[in-house]
Amino acid sequence: MDSTNPTSEVVYDIPGLFKVYKDGRVERYRNHDFAAPSDNPTTGVRSKDVVIVPEDNVIVRLYLPKITQNDGKFPLLVYFHGGGFAIESAFSTYYDSYLHSLAAETNVLAVSVEYRLAPEHKIPACYDDSSAVMKWVSQHANGELGTEPWLKSHADFSRVFLSGDSAGANIAHNMMMRASADEDKLGVGERLKLVGMALIHPYFGKNKPDPIWSYCCPDPKSDDPRYNPAAQPNLLSKLVCSKILICTGGNDFIRDRGWAYYEVLKKCGWKGQVEIKESEGEGHVFHLVNPTCEKAKELMKWLADFFQQST
C-alpha cells in the first residue's frame, strides 16, 4: 500500500470485520473459502443451491437429510449466517460444514440464506434479501407457486423454525418480527406455521449504537428495534412464534446481549416460552471454530431437542 497516496487513507476500521479507504474501497480482514454443494456419503445429507433474486445475488443452499422408509416430512429450518453483517457466506466452508451437520443431527430440512453484505450493501439489504427468501419459502406452503421439489415433497410447513448465529440471529429475530407485524407481507398464513426461533450468540445492541451498527446502518439509533429489541418491548410481545431458545457462551464478548433479550422477553407480555442455555467457558461462535468439542456437541443436542420437541 502506497502511504503517500491520499486514497490509501483508512477512514473507518472495524477490527476483525473490514476497513474502508478514502476512495471507497473495502478490505475485509477475512475472506471465506468457498464450498460447493455436495452429497455427504457418511450422513446421507444432500445439498444444492437455488437462486431466489438473481439481480441481487440472493441464493439459498438447501440441505435435505437422509430419507428412510420411516420418515414423513421434516421440520423446516431457515438459517441465517453470522459475520457482523459484513463477512462470511452461506457457501463458506465454515457454514456449509455446520449446516450439513445441523441437518443430519437435528433431522431438519435446512434453508441457508446467502444475503448481500455490508458495508457495500447497507442495512436493510440483509433484511430485505432474507424477506425475499421467506416469501419464496411461503409460496411452497400457501399454493402452487412454489416449484422446488425438495420443499414440496419433504418440508413440513406446520413446523417452521428460524435460526442464526451472531448477526444471523439478529436477522432471524427481525424476520420473525416482520412476520409478526404483517403475516401477509411474508406470506405466512395457516399453511406455514412459524413455531420458534433458536438464536445462537445473538448480536443485539444496547445503549448507543456500536461501531458495526453505526457504519452498516445509514441512520443508526439506539432505540431502533432492529438493533435493540429491548428498546421497544411492546413489539416483542407480538411475536407470532410460541417458543424461543437463546444460546450464549460464558466467555462471549456479547453474552450480555442474549441475556438482556431473554429478560425482556419474560417481562414484555409475550405469551410464548423462552429458554436460555449457556456454554460455560466458551467464546463467540466457538461451535463453528471447534465443531467436534464436547460443548459444541452439547449445543447441537440443545438444538435437536428444541426442533423436535417443539413440534
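Rings of Phe, Tyr and Trp, the last by its six-membered ring, count as a pair if their centres lie within 6.5 Å. In this predicted model, a search of the whole structure finds 14 aromatic pairs.

**Aromatic rings**

One of these pairs is formed by Phe204 and Tyr261. Their ring centres are 4.8 Å apart and their planes meet at 10°, so the pair is stacked; planes under 30 degrees apart count as such. Phe204 lies in the loop between strand E9 (194-200) and helix H5 (211-216), and Tyr261 belongs to helix H7 (residues 255-267), so the pair ties together parts that are 57 residues apart in sequence. Both Phe204 and Tyr261 are buried.

Aromatic residues also form a cluster, made up of Phe85, Tyr127, Tyr203, Trp213 and Tyr227.

**Lysines over rings**

Lys48 lies over the face of Trp150, at 4.4 Å from the ring centre. Lys122 has its charged end over the ring of Tyr215, 3.9 Å from the centre of that ring.

**Salt bridges**

The count of salt bridges comes to 19.

| Glu120 | Arg28 | 2.7 Å |

The salt bridge between Arg28 and Glu120 links distant parts of the chain: Arg28 is in strand E3 (residues 26-28), while Glu120 is in the loop between strand E7 (109-114) and helix H2 (125-141), 92 residues apart. Glu120 has a relative accessible area of 43% and is therefore partly exposed.

Glu278 is partly exposed, at 27% relative accessibility. Arg255 is partly exposed too, with a relative accessible area of 31%.

Asp256 has a relative accessible area of 31% and is partly exposed. Arg257 is at 14% relative accessibility, so this residue counts as buried; the cut-off for buried is under 20%.

Beyond such pairs, Asp49, Arg61 and Asp96 are linked in a network of salt bridges.

How values were computed: Residues are numbered from 1 along each chain as its sequence is written. This is a predicted model: local features need pLDDT of at least 70, side-chain atom pairs count only at pLDDT 80 or more; totals for chains, interfaces and linings use all residues. Side-chain values use heavy atoms; hydrogens and water are left out. Rings of Phe, Tyr and Trp (its six-membered ring) pair if their centres lie within 6.5 Å; planes under 30 degrees apart count as stacked, over 60 as edge-to-face and the rest as tilted. Helices (H or I, at least four residues) and strands (E, at least two) are DSSP runs, numbered from the N terminus. Buried means under 20% relative accessible area, exposed over 50%, partly exposed in between (1.4 Å probe, protein chains only). A charge sits over a ring if NZ of Lys or CZ of Arg is within 6 Å of the ring centre and within 35 degrees of the ring normal. A salt bridge is a side-chain nitrogen of Lys or Arg within 4 Å of a carboxyl oxygen of Asp or Glu.
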